[in-house]
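This report walks through one structure, part by part. Keep the sequence and the 3D view at hand while reading.

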Amino acid sequence: MIDYEDALDYSSRWMDLIHKTDFPTQELAHQIIDESKNNFAEHYNRNWLEYRKSVTESGDWASVEWTGSGAVIKDVLGREFLDFLGGFGMMDLGWSHPTVVETVKAQLNRSPMPSQELLDPLRGVLAKLLASITPGDLKYSWFGASGTEANEAAMKIAKLYTGKTAFIVGVRAFHGKTMGSLSLMGKSDYRAQMGAMYGGQVYHVPFGDADAVEKQLEICDKVGVGVAAVMFEPIQGESGAIVPPDDFWPRIREATKKHKVLLIADEVQTGLGRTGKLWGVEHWNVVPDILTVAKSLGGGVMPISAVTTTEEIYQPMMYPNPFMHTTTTGGGALACSAAISAIHVTLRERLWEQAAQKGEYLITQLEKFVVQYPHIFERITGKGLLIGMHFKNPEIGYKVAAGLFKRGVLVAGTLTSAQTIRVEPPLIVTQTQIDNFIDRLQDTLQDIAKH
Ligand SMILES: Cc1ncc(COP(=O)(O)O)c(C=O)c1O
C-alpha cells in the first residue's frame with residue numbers, strides 16, 4: 001500500500017533541514033550520516049558504499065557531504081576536505097561560485113523554466129556566447145542537461161547532415177552511458193553486457209593513433225561503409241588523462257576532410273579551460289565540425305550541456321522540422337543563467353591560463369614523486385589541471401586515495417579502478433591548497449613506502 005502520510009512527513013523533515021542555514025549539531029549530523037548510509041544501502045545503490053571504500057572506510061562512513069566553497073568541501077560533521085576530484089571536471093569554478101549562485105538565484109526569482117512556446121531569451125544568449133568562444137565557425141547550439149545527451153545530439157546531427165551511419169571512435173573512450181554514447185564508449189566494463197546498441201556500425205581504433213584512423217577511413221571507403229563522423233576526446237579523461245601525440249588531432253582533421261567525414265570533439269570534460277586552453281583542441285589548433293561540452297558549463301551549480309556546430313551542418317536540425325531533436329527540460333532558463341555566468345567568470349578570470357600555470361607546477365611536483373617512489377608510481381599524464389597519477393597496481397592506487405582522504409584530500413580513481421587516480425581540482429584552487437595537497441601526498445607516500 002502507498003504510504004502517503006509517511007512520505008509527506010519524511011519530505012517535510014528534509015525540506016526543513018534544507019531550509020536550515022546553520023550547521024547541524026553533532027547529534028543531528030550523526031543521525032544524517034546513519035540515515036544517508038541506510039538510504040543508499042536500501043534504496044539507491046548498496047554497492048556504492050562498498051565501491052567507494054577509499055572514502056567510506058577511512059572515515060568510518062562519516063563522509064556525508066554537506067556544503068562547499070572554493071576548493072573545499074565540508075562534510076556534515078563540519079570536517080573540511082580539499083577537493084582534488086572536482087566532480088570529475090564539473091567544478092572548474094569551485095563549489096558554489098558566488099557569481100554563478102547569485103545569477104541563478106536572481107533567475108530563479110524571475111522564472112526557472114521556459115514556456116516551451118515563446119522565445120526564452122537566455123537560450124539565445126547562451127547560444128550566441130558559445131558561438132563567440134568556440135573555435136572556427138561553430139555557430140549554432142543545442143542544449144541538454146548532461147554530457148551524454150550532448151553526445152547523443154552530436155551523433156544525430158552527424159547522421160542527419162551526412163546521411164551516413166557509421167562512427168569511428170577510440171578504445172577506452174568515454175562519451176556517456178545512454179545507448180548512443182555508450183555504443184561509442186571504448187570500455188568493455190560498461191558496453192559488454194549491453195550487446196548491440198546503436199544500429200549503425202561503430203569502429204574502435206587505438207586513441208592517439210592517427211595511422212589507425214586513416215586506415216579505418218580507407219577501409220570504410222573501400223568496403224562501402226558510410227562514416228558519419230570520427231569522434232574523440234581531445235585528451236581522454238576517464239581513461240586517465242591520456243594526451244595523444246601532437247600529430248594526432250591535425251592528422252585526423254586532414255583525414256576526415258579528405259574522406260568527407262565529420263570530426264566531433266567531445267569536450268565534455270576538457271572544455272572551458274581544464275587542460276590549460278579554453279578548448280582542448282586548441283592545443284593543436286584544430287577546429288572540429290561539432291563540439292560537445294557539459295560538466296563545468298553549469299558552473300558547478302546547474303546541469304547543462306551543449307552541442308555546437310556550423311550553420312551548414314545544423315541545417316537539418318532547423319529545416320524542415322525545427323523540433324527534430326528536443327528535450328523539455330534541457331537548456332531551461334536556470335541552467336542557461338548558470339552557464340552564462342560560468343562562461344563570464346571563466347573569461348573574466350582567464351581560468352585556462354590559471355589551469356596551465358597551476359597544472360605545470362603540479363605536474364612537475366608529481367613527477368618528482370615518480371622518481372622518488374618508482375615502486376609506487378608508473379607515470380604522470382595530463383595537461384593543465386586534468387592530471388592522471390598512474391600506479392603500479394590498483395591496490396597501491398587505492399592506498400593512495402584512502403591515505404589522502406584520511407589526510408583531508410578528496411581524489412578518486414577512474415570509475416572502476418584505483419590504478420589511475422585523476423587529479424582535477426577546481427581551476428581556482430590556490431597555491432597554498434596545491435602545496436597542501438603535495439605535502440599530504442608526500443606524507444601518504446612515505447607511509448605506504450614504509451609498509
Ligand atoms: C569526455 C566525456 N564525455 C561524456 C561524458 C558523459 O557526461 P555525463 O556524465 O554528464 O553524461 C563524460 C563524463 O565523465 C566525459 O568525461
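## Around the ligand

Helix H8 (residues 147-162) gives the largest share of the shell around the ligand: three residues. Helices here are DSSP runs of H or I with at least four residues, strands are DSSP runs of E with at least two, and both are numbered from the N terminus. This is a predicted model: local features need pLDDT of at least 70, side-chain atom pairs count only at pLDDT 80 or more, and totals for chains, interfaces and linings use all residues. Residues are numbered from 1 along each chain as its sequence is written.

In total, 15 residues surround the ligand. The closest are Ser146, Gly147, Thr148, Gly176 and Val268. A residue is near a molecule or strand if its C-beta atom, placed from the backbone, lies within 6 Å of it. By class, the shell has four nonpolar, eight polar and three charged residues. Ala, Val, Leu, Ile, Met, Phe, Trp, Tyr, Cys and Pro count as nonpolar; Asp, Glu, Lys and Arg count as charged; the others, Gly among them, count as polar.

## The seven-stranded sheet

Seven strands build an open sheet with mixed pairing. Their order is E4-E10-E9-E8-E7-E5-E6. Strand E4 (140-144) and strand E6 (202-205) are the edges, and each pairs on one side only. Two strands pair if DSSP finds at least two bridges between them. From one strand to the next, the twist averages 20 degrees.

Strand E5 (residues 166-170) runs parallel to E6, and four bridges join them. Ile168 has Tyr203 in E6 as its bridge partner. Helix H13 (residues 311-318) packs on the sheet. H13 touches E4, strand E8 (262-266), strand E9 (290-293) and strand E10 (305-309). Its direction makes about 55 degrees with that of E4. Angles run from 0 to 180 degrees between N-to-C directions, and axes are lines fitted to C-alpha atoms, for helices over the stretch in contact.

## The four-stranded sheet

A second open sheet holds four strands in the order E1-E2-E3-E13, again with mixed pairing. E1 and strand E13 (409-410) are its edge strands, each pairing on one side only.

Strand E1 (residues 65-69) and strand E2 (residues 72-75) run antiparallel, joined by four bridges. Gly68 is partnered by Ile73 in E2. The hairpin of E1 and E2 has two residues between the strands, and Gly70 there takes a positive phi near 60 degrees. Strand E3 (residues 80-83) pairs with E13 in the parallel sense over two bridges. Here Asp83 stands opposite Leu410 in E13.

## Helix H11 on helix H12

Helix H11 (residues 210-223) packs on helix H12 (residues 248-258) at an angle of about 10 degrees, with axes 9 Å apart. H11 is therefore roughly parallel to H12. Angles under 35 degrees count as roughly parallel, over 145 as roughly antiparallel, 65 to 115 as roughly perpendicular and the rest as oblique.

Ala210, Val213, Glu214 and Leu217 in H11 meet Phe248, Arg251, Ile252 and Ala255 in H12. Two residues are in contact if their C-beta atoms, placed from the backbone, lie within 7 Å. The residues of this contact divide into six nonpolar, no polar and two charged.

## Two partners of helix H17

The axes of helix H16 (residues 394-406) and helix H17 (residues 431-450) come within 9 Å and cross at roughly 130 degrees. That makes H16 oblique to H17. Ile396, Lys399, Val400, Gly403 and Leu404 of H16 make the contact with Arg440, Leu441, Thr444, Asp447 and Ile448 of H17. By class, these residues are five nonpolar, two polar and three charged.

Helix H15 (residues 351-372) also packs with H17, at an angle of about 15 degrees and with axes 11 Å apart. H15 and H17 are therefore roughly parallel to each other. Lys358, Tyr361, Leu362, Gln365 and Phe369 of H15 meet Ile434, Ile438 and Leu445 of H17. This contact has six nonpolar residues, one polar and one charged.

Most residues other than glycine have a negative phi, and most peptide bonds are trans. Gln116 has a positive phi, near 85 degrees. Gln116 lies in the loop between helix H6 (98-110) and helix H7 (121-133).

A cis peptide bond joins Tyr319 and Pro320, with omega about 0 degrees. Pro320 sits in the loop between H13 and helix H14 (333-348).
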